[in-house]
Amino acid sequence: MAYKNILINSLKESFIAIWRNKLLFALLFAFQIVFFTALSSISYRYVPIMVEKEQAIEDYFSSLKLDEESVAASILQRKSVLGDDPLSISRNFNELVRNFKIYSFNVFVLLIFFLSVSWGLTHKFLSKSSFRNPIIGILKIFAVLLVYLGAIYLFFLSLLDVSFVQLAGENFKLLIKYVVFLFFSAVMAYFMLISIALLGTIGLREIVQKTLAVGIKKMHYILPVFFVNILLLMVSSALLFYFIEKNLLGLLLSIALLVSSFVFGRIFSIRVIERLS
């Protein structure tokens, strides 16, 4: 019963807070749109380059004649089985990885900045006593995010230090590394969201102890919160794809719902986690 009460009461409080602070909610909504706009701009700059390099590798491989007769003829003529310019594969691959590293760094910086400000404003949105100095509050969140996201990002960069030959020849080893990375990232993201939700009521000195206590002992409360937030995102995303070529009004409403889902998710998470602490 207590389990249901916490979730239901937190949902009610979240909707009440939004109703009473419409202008602040609109500010959070607008800031979320700014984030998506900035992310789209970064993606527009780097993704086409990466796609071009990937396509160049695929085109080169598709132009190769790797049937038995052609391979035998190349060997007899002492020619490379991989064509006239096999080094172009590694050149394009290295360029693809280099641009992907630059792209991921830009996304990393954007995420830390946006999450610091958005969560800081959300804390202020919910309680006037949270972060009496908003700048200090945002810097506290920034410091916590730097630890969590920094660890994920450094692990991610280590996966990119691979040559094309290693990528082609060590598929199983790389698969294991990717699985470990995904598990590590999920665990870090779980505790990260708890930490930044708690920062409105506790200091940095207590954050590790409180995060572990809430994250481990109250996991059965927190996981449904994440499930609700993910469900909202999935529903709004499904509506977005459904209306994308059918109805302009439906498309605009589904975009608004998707953006609102991110804002509401932060509000709901803070309400539940603060109750649990």
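**A tour of the rings**

Start by selecting Phe-243: with a relative accessible area of 23%, Phe-243 is partly exposed. Here buried means under 20% relative accessible area, exposed means over 50%, and partly exposed is in between (1.4 Å probe, protein chains only). A quick note before moving on: this is a predicted model, where local features need pLDDT of at least 70, side-chain atom pairs count only at pLDDT 80 or more, and totals for chains, interfaces and linings use all residues. Residues are numbered from 1 along each chain as its sequence is written, and side-chain values use heavy atoms, with hydrogens and water left out.

Rings of Phe, Tyr and Trp (its six-membered ring) pair if their centres lie within 6.5 Å; planes under 30 degrees apart are stacked, over 60 edge-to-face, and the rest tilted. That rule gives 17 aromatic pairs. Tyr-242 and Phe-243 have ring centres 5.0 Å apart and planes at 80 degrees, so they are edge-to-face.

Next, pick Phe-264 and Phe-268: this pair is stacked, 5.9 Å centre to centre with 15 degrees between the planes. Phe-264 is buried at 7% relative accessibility, and Phe-268 is buried at 1%.

A charge sits over a ring if NZ of Lys or CZ of Arg is within 6 Å of the ring centre and within 35 degrees of the ring normal. Last stop: the charged end of Lys-22 sits over the ring of Trp-19, 3.9 Å from its centre.
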